[in-house]
Amino acid sequence: MRRKSTGRTATIPKPSIFQSPMFNFTTIAILGGVFVLGIGIGIAFSSTATFTPNNVATREFIDTKAPNADICVQYGASAMVMDTRLFVTLNPFKVYVGQPSMRPGCVLRSSNWAILEQKKLVSSDQVRDCKNRLNHFAYAGDLNGDKPDISCTYENDDAKNFFINQPGATAPTLETERF
């Protein structure tokens with residue numbers, strides 16, 4: 001004889017997804033940590049990787065490309081030199097800019113100008129004139145080469161770094177940045 005169903009069935013509670021041994025909070029925490037670590041490593045790698053000249057992302061890359069890099073880093077600061085020409089017409093008043101060219105260069109601290117004098121690249125008159133105007137010597141090209149391009153440059157204090165100097169940021173200027 002068959003039993004007659006009473007209409008009630010035994011219900012076994014289904015385990016929730018958070019109670020399953022495959023997907024618990026420890027697993028979630030580990031996966032979240034791996035995800036965050038992966039993003040952090042990716043950002044760090046992409047912002048410092050310089051495989052091509054199209055990606056100049058670090059000061060170290062510029063330091064290695066500076067002419068006479070050992071002298072430049074020890075006695076000054078590596079720089080990017082941009083040469084361009086401006087043409088100004090008066091009637092009508094217009095300003096035209098030529099295509100700039102960029103190349104590595106170096107700005108020497110004023111206490112290290114003797115390097116240029118020893119190599120007979122500047123005269124004592126040029127040093128005196130540059131010092132009188134409180135300027136700096138900068139160069140592009142190899143100091144040991146045929147003709148390095150040496151200029152007496154003016155430090156423009158109005159050239160602020162707007163990436164760093166955001167409103168509300170109060171970071172003091174480092175003494176090592178002074179020339």
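Student: Which strand gives the most to the lining of the second largest pocket?

Tutor: First, the ground rules. This is a predicted model, in which local features need pLDDT of at least 70, side-chain atom pairs count only at pLDDT 80 or more, and totals for chains, interfaces and linings use all residues. Residues are numbered from 1 along each chain as its sequence is written, and side-chain values use heavy atoms, without hydrogens or water.

Tutor: Now the general idea. Rolling a probe the size of a water molecule over the atoms shows where empty space is left. On a 1 Å grid over the protein atoms alone, a pocket is an open set of points where a 1.4 Å probe fits, with protein on both sides within 12 Å along at least five of seven lines; lining residues have an atom within 4 Å of a point. Here β1 gives the most, with 5 residues. Strands are DSSP runs of E, at least two residues, numbered from the N terminus.

Student: Which residues lie nearest the centre of that pocket?

Tutor: V81, A138, Y139, S151 and T153, out of 14 lining residues.

Student: What is the strand order in the open sheet?

Tutor: Strands pair if DSSP finds at least two bridges between them. The order is β1-β4-β5-β6, with antiparallel pairing. β5 and β6 pair over 5 bridges.

Student: Why is one side of β1 and of β6 left without a neighbour in the sheet?

Tutor: β1 (76–83) and β6 (149–153) stand at the edges, so each has a single partner strand.

Methods:
Helix = DSSP H or I, 4+ residues; strand = E, 2+ residues; numbered from the N terminus.
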